[in-house]
Amino acid sequence: MSVVQVKRPQLRSSWYLPAILAGMVFTFITMLKNLFNKKRMPTLNYPEEQYQYSPRFKGNHVLTVKKDGDLRCTACMLCATACPADCISILASEDEDPKVEKFPISYEIDILRCVFCGFCEEACPVDAIRMGPEWQTPGANGDNFIYDIKQLAYRNNLNQGHGVPSVVEDEERHEAGI
Amino acid sequence: MVKCTINGIDIEVEAGTSVIEAFKQAGQDIAHYCWHPGLSVAGVCRLCMVEIEGNPRLQIACNTQVAEGMKVTNQSEMVKDAVKWGLDFHLINHPLDCPICDQAGECGLQDQYMHFGKYDPEMALSKVKKHKVVDLGERVVLDSERCILCSRCVRFTEEVSKSNELGIFNRGDRSEIGTFDGMPLNNKYSVNTVDICPVGALTSKDFRFRQRVWFLKDKPSVCTGCSTGCNIDVYFNKDGVWRVKPHHSDVNGYWMCDEGRDIYKAVNPITTDFVGERENKKAVKKPNRILSAHSYHDGKMEFISTAETVSSIELGSFSNPALIVTGQYSNEEYDSILGFWKSKAGGKNIFHWQNQPEQWQDFDGLLIRGDKNPNTKGLLASLEKHGLQAQSQLPSMEGFDFVLVLGPENQWVYDNISQVADQVSQAKKVIWLSACHLEKASQMPKHVTFVPAKTFVEKSGSFTNFEGKVQSFAMVDVFVEEALDLQQVTQWFAGERVTASLAHPWQSVHNEFIHERGEL
């Protein structure tokens, strides 16, 4: 191992005042620009103003619902299988309606483990889980980050708590002979 | 012996062997649904097509016997095409239920499709609708749409259980499995039909929707339900054991009884709807606990006794100790505890606690035996080996100052358990080894101490079955860390340090599948 001595111009680098002044001038000019031309200001007044991401943004999950308002999810657990972060846990049960047969009595996502990769959405055969647009979801303690069915499907900002309708309906699939 | 060539491999098989068996013996894959080694040949699925040299048409391998010099292949294009089309016909009316079908992951159709199919369906008509979620009996649910009419289950009830409940009704594409006059499928071997069903048409009510099969691992073991000692596969993940299935052996063939399938329920730590509750951490933390986890290092946990009463156990100090044994522990454990008892307590006062000994000779002709202990023979052999005598009647326990009870693991076959518990608590000091939580435990007096015992999936050893056959089994997994086997109890009584492996070094991993899979 060897030590390489780098020669730096000592005098010039210790002469810092001009650079600082230049920076302050730049800041002052930017401030004046922002004061007189608010529209072109590059920053947002968060949280009053918020940036709108594209609809393809992968934020917090949404569980979709059927026409009758029940969960579309069939508890096939393909999302839990595909999940690389191991954050989805589902408890399946038997429905009295033979056309539904299997449904989740508990569907929990540990959102702090989630890496928002969207594999669950890709794995789902019935459009039951989607990545939604939200991402600013603070919580007071760790418990607030385990999302259950009520939070995932029927939170207030999803259609006033009625849930997002799924594009896949059992009736139509049965009629089509699938 | 007959010589033949299977896919270019020369092998010799016994005369009368079918071609499909020759394929199995040569280690070659062959598609099949209806053929099962434990049942008669039906030849209905038409999937085991093979090309035999000199024969212009394809033959089914299950119903063709091997002849001298026969050259058979299932690798040719003609066979592959035939299998593909056979599969297409099977799938015409098969619903795409895979996401909610319990068979997914171990389904014959899925496997064969990935092997031979991979075609785009050419059927333009919609699928025939049949009955779904038909309640066939106490333990089995039928989904007729998924059924491919291989008739394995029908043949099973005809040939093995001989109860003849199932049959195929209607004709053509409206054919369905059903029971005569709606008679329930309630024979004592009904869940075997679920095992042999190559698709998800028959599902077990007990396992239905509980887990996806790819989240489970399986390991071989021996059933502890009765003295037959059926070989089983235990399916488990980190949450516990979820089901057992028969494992082919000379003892049990391909089958096991329904009762034996419930043994896993005694193994799981406390969960809501299981029949028995394990003596788990919570139970151990009750006032009469005796063991606590002491230190964790090198993946091992050391046990130390915490209650004074227990740390001072010195068998020699008791004037009149007694040992109550049940036939539910392994040979190695008996050897260890009986040898210890002989050296420290003079081998006296050994009582063999028996459940309904008058029924022990009962046999239903197939597998179920009246002796509900897996290792009665082993216990008797071990007693004989050590030259000890056991009394089969439990006397009044008042005269004993120390009683060690090796309680049953499968306690619901012991109908006099609460009576014995009362009887035993008359002694001055009692240590009761129990794998399951005893209902009466909370009402028992303070001098009765419960020690959690290991179940058969948590230890290695061997059982001697009714005919004296010694079958060894290996540990499946640890579910209750604090539980001890009898070797450890012996060590503990001898004042040695007891170490046990920790449960689940992969504790944080819920979905093990994702960590093990390579490429998709």
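**Reading a predicted two-chain model**

Mentor: Chain A contains six helices and six strands. Keep in mind that this is a predicted model.

Trainee: How does the radius of gyration of chain A stand against a compact globule?

Mentor: Set the value beside the one for a globule of 178 residues. That globule would have a radius of gyration near 16 Å, but chain A has 26 Å. Then take the spans. Along its principal axes, the C-alpha trace of chain A covers about 85 × 55 × 35 Å.

Trainee: What percentage of chain A counts as buried?

Mentor: Burial is a neighbour count. In chain A, 21% of the 178 residues count as buried. Look at contact separation as well. Take the contacts in chain A with a separation of 6 or more: residues 24 or more positions apart account for 71% of them.

Trainee: Now chain B. At what angle do helices H8 and H11 of chain B cross?

Mentor: For a helix pair, read distance and angle together. H8(B) covers residues 331-345 and H11(B) covers residues 486-493. Their axes come within 8 Å and cross at roughly 25°. That angle makes H8(B) roughly parallel to H11(B), because angles under 35 degrees count as such. The crossing of the two, H8(B) and H11(B), is left-handed.

Trainee: Which residues make the contact of H8(B) with H11(B)?

Mentor: List each side in turn. H8(B) supplies B:Glu332, B:Glu333, B:Ser336, B:Ile337 and B:Phe340. H11(B) supplies B:Leu486, B:Gln487, B:Val489, B:Thr490 and B:Phe493. By class, the contact has five nonpolar, three polar and two charged residues.

Trainee: Which residues of H11(B) are buried?

Mentor: They are B:Leu486, B:Gln488, B:Val489, B:Thr490 and B:Trp492. Check what comes after the helix too. B:Gly495 follows H11(B), with a positive phi near 85°.

Trainee: Which residues of H2(B) and H3(B) meet?

Mentor: From H2(B), take B:Lys80, B:Val83, B:Lys84, B:Leu87, B:His90 and B:Leu91. They meet B:Leu109, B:Gln112, B:Tyr113 and B:Phe116 of H3(B). The residues of this contact divide into six nonpolar, two polar and two charged.

Trainee: Let us take single residues. Is B:Thr203 buried or exposed?

Mentor: Locate the residue, then count. B:Thr203 sits in strand E10 of chain B, residues 202-204. B:Thr203 counts as buried because it has 23 C-beta neighbours inside 10 Å, and the cut-off is 20 or more. Leaving out residues up to four places away in sequence, B:Thr203 touches B:Asp102, B:Val141, B:Val194 and B:Arg208. B:Asp143 is 60 residues away along the chain, with 8.2 Å between the C-alpha atoms of B:Asp143 and B:Thr203.

Trainee: And how many other C-beta atoms lie within 10 Å of B:Leu383?

Mentor: The count is 18, so B:Leu383 is partly exposed. B:Leu383 belongs to helix H9 of chain B, residues 376-385. Its contacts, not counting residues up to four places away in sequence, are B:Leu338, B:Leu388 and B:Ala390. B:Leu383 and B:Tyr334 are 49 residues apart in sequence, yet 8.2 Å apart C-alpha to C-alpha.

Terms used. Residues are numbered from 1 along each chain as its sequence is written. Chains are lettered from A and ligands numbered from 1 in the order in which they are written. This is a predicted model: local features need pLDDT of at least 70, side-chain atom pairs count only at pLDDT 80 or more; totals for chains, interfaces and linings use all residues. Helices (H or I, at least four residues) and strands (E, at least two) are DSSP runs, numbered from the N terminus. The radius of gyration is taken over C-alpha atoms; the globule rule is 2.2 Å times the number of residues to the power 0.38. A residue is buried if 20 or more other C-beta atoms lie within 10 Å of its own, exposed if 12 or fewer, and partly exposed in between; C-beta atoms are placed from the backbone. Two residues are in contact if their C-beta atoms, placed from the backbone, lie within 7 Å. Axes are lines fitted to C-alpha atoms, for helices over the stretch in contact, and angles run from 0 to 180 degrees between N-to-C directions. Angles under 35 degrees count as roughly parallel, over 145 as roughly antiparallel, 65 to 115 as roughly perpendicular and the rest as oblique. A crossing is left-handed if the near helix is turned anticlockwise from the far one by less than a right angle, and right-handed if clockwise. Ala, Val, Leu, Ile, Met, Phe, Trp, Tyr, Cys and Pro count as nonpolar, Asp, Glu, Lys and Arg as charged, and the others, Gly among them, as polar.
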